[in-house]
Amino acid sequence: MHRLIYIEEDVADHPRTKAICERFPKATKVYCKYYGEVFNRKGQNFRLQKQQPALILARKHKKHVLNAPDGYGIGGRRNYYFSHMLNCVYDCRYCFLQGMYRSANYVIFVNYEDFQQSIIEAAQQYPDDESWFFSGYDCDSLAYEPVTDFTNQFLPTFAQLPNAHLELRTKSLQIRTLLKSEPINNCVVAYSFTPEEISKALEHGVPSVEKRIEAMIKLQQHGWRLGLRFDPMIYQEGFEEGYKNLFEQIFSRLSPDSIHSVSLGTLRTPKVFHQNMVNLYPEEKLFAGRFDESRGMITYQKELEEQMTNFCYDQLMQHIPQSLFFACTPPE
Amino acid sequence: MINIVTALQCEARPLIEHYKLRGNARHSAFRCYQNDEMQLIVSGIGKLAAATATTYLAASESGTTSSAWLNLGIAGHADKAIGKPLLAHKLIDSASEQQWFPGIVMPITCDSETLITVDKPEQAYRKEMMVDMEASGFYASASRFQSCELIHSLKVISDNQLYSSEQITEKSTSAIIHDNIATIDSIINPLLEISSQLNTIEQASPEMYDFIAHWHFTTYQQNELRHLLRRWHALSLTNKPSPHDFANHTTSKAALIAIKSFLDEQPISFNKEEAQ
């Protein structure tokens, strides 16, 4: 429940603004000229705001669709991401958002129609190529669904674009809309996982591994194609056992036919974001381990990265065909 | 710790009594009062006075403390009832049109409203806004020293379209502040809690001083040492950091390298049983 909703004056009368505000009848509305006045200003504490985030409703004026970062793809030639929302309802300690943004408030860009138009234009620019659109880069794609109505609004756009693919990346159980919708072949619902004990320690507010698997089973039974994202892999002593058990737990329950893709990624954070994260949570064990800096990114030691990637890859190959595997690692 | 800025002595008086604040004779530029967890300064009227008093109080503080800030006083409003407390969720400086948005992360027991600060008393009221003469100066200054979640302005409505500002007296001002002590308390207590929380997060490891006594660290090295000792504690190691364990290193640089090497070799486990 939000106490405050900041609203850009420009979108005060937007139907989606009104619909979202109706969900929070007790919230006080505070109007601003530009959402950055609230979200981007200096002198904010992300950690404190995370305790009681406010909601910000705004218009995204340009760059609705952006090129995805290197290594952020699952085989497509053209990879884009778009963010109808900034920040996440979950509080994962490894998440770069807490180092990137000054504010933990949730921003929802209510002008979905402009995002949809940009997606259509990007897909039509290369009609002979398959384009992938990732929606879970700056937020969890599904976690705020009851408020954003995101999938309900965006699935029809993709249903009419045969060469465009949508990835919904999530840790959420908010699958009601997907279960009510007719599955479309060019959408993948991709769930992120770390082993249970790591999830309990670092993924605050995230549903348990078991609950997420149950959600995936329901989606699978309904006909949705599924993705699995082990990105980032988190190191701990004896990580092998945790990941081995996790893979067994997942693949013993899911039907291989519905799995579209599986990806592995190493922990990598831009140095500035990492420093911000350490300053916010100096007592966090995750940040107390050994990290190396490489090309402005903070990563585990190269040998450790390779050890984890090789182990997890070998384990995954016992459960899936190689064709479903994608390494989410930026090129050297 | 919380710092309270009021414009008038009659606004401060109920707080001085309730929180048993003692006058601090060390300060001569402003009237200041304090107890163990609270400082109060009486700024005088106007945003310049409020900004000056806020800066004065901030400058007198220890640089390592994360204090909360509260501007407390009376304000006018077109149609809100006399004596109603309102927390500012947006502050506007009328002259410059500059705006601030305090981060309200604590539970509050009163409503909130926009607050506009004017340079001269105005007869006409603004629509859906409180009007005062200090808050923008206070906020502009306090936001130099603290993040927005810890800087707030709480106003009690003293005048409206039915009860003009000319009817306000020192006595009535003290009375409406006094009547709202419970609300004031409900703002101050969570702010104190958040301030304490931040101080715990930001404070250096207690062993820092043992290391500094043992080697001479430059300022840059002290930052590195602080970071390493935080890592040490985050790892929940059974042994506490002690300079004696690194006593064979004669220079601060060598000691830092040795501490880092030691920490890099420590196992990481998120498994609760193993970690304990």
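User: Which hand does the crossing of α5(A) and α7(A) have?

Analyst: This is a predicted model, in which local features need pLDDT of at least 70 and side-chain atom pairs count only at pLDDT 80 or more, while totals for chains, interfaces and linings use all residues. Residues are numbered from 1 along each chain as its sequence is written, and chains are lettered from A and ligands numbered from 1 in the order in which they are written. Helices (H or I, at least four residues) and strands (E, at least two) are DSSP runs numbered from the N terminus, and a crossing is left-handed if the near helix is turned anticlockwise from the far one by less than a right angle, and right-handed if clockwise. By that convention, the crossing of α5(A) and α7(A) is right-handed.

User: Which residues make the contact of these two helices, and how are α5(A) and α7(A) directed to each other?

Analyst: Two residues are in contact if their C-beta atoms, placed from the backbone, lie within 7 Å, and here A:Tyr112, A:Gln116, A:Ile119 and A:Ile120 of α5(A) meet A:Gln153, A:Phe154 and A:Thr157 of α7(A). Axes are lines fitted to C-alpha atoms, for helices over the stretch in contact, and angles run from 0 to 180 degrees between N-to-C directions; α5 (residues 112-125) and α7 (residues 150-159) of chain A pack at about 25°, with axes 10 Å apart. Angles under 35 degrees count as roughly parallel, over 145 as roughly antiparallel, 65 to 115 as roughly perpendicular and the rest as oblique. α5(A) and α7(A) are therefore roughly parallel to each other.

User: How do the residues in the contact of α11(A) with α13(A) divide by class?

Analyst: Helix α11 (residues 239-251) and helix α13 (residues 302-317) of chain A pack at an angle of about 30°, with their axes 10 Å apart, which makes α11(A) roughly parallel to α13(A). A:Phe239, A:Glu240, A:Tyr243, A:Lys244 and A:Phe247 in α11(A) meet A:Met308, A:Phe311, A:Cys312, A:Gln315 and A:Leu316 in α13(A). Ala, Val, Leu, Ile, Met, Phe, Trp, Tyr, Cys and Pro count as nonpolar, Asp, Glu, Lys and Arg as charged, and the others, Gly among them, as polar. On that basis the contact of α11(A) with α13(A) divides into seven nonpolar, one polar and two charged residues.

User: Which residue of β8(A) stands opposite A:Ile56?

Analyst: An open sheet of five strands in chain A, with mixed pairing, has the order β2-β1-β3-β8-β6, and its edge strands are β2 (28-32) and β6 (85-86), each of which pairs on one side only. Within that sheet, β3 (residues 55-58) and β8 (residues 106-109) of chain A pair in the parallel sense over four bridges. The residue opposite A:Ile56 is A:Val107.

User: Which peptide bond is cis, with omega near 10°?

Analyst: The proline concerned, A:Pro232, lies in strand β13 (residues 225-233) of chain A. The cis bond runs from A:Asp231 to A:Pro232.

User: Which element gives the largest share of the side of chain B that touches chain A?

Analyst: In all, 25 residues of chain B are in contact with 28 residues of chain A. On the side of chain B, the elements that give two or more residues are β6 (85-93), α5 (181-202) and α7 (219-234). The largest share, four residues, comes from α7(B).

User: How far apart do the C-alpha centres of domain 1 and domain 2 of chain B lie?

Analyst: Domain bounds come from an automatic or database domain assignment, and chain B is divided into domain 1 (2-201) and domain 2 (204-275). Their C-alpha centres lie apart by 42 Å.

How values were computed:
Two strands pair if DSSP finds at least two bridges between them.
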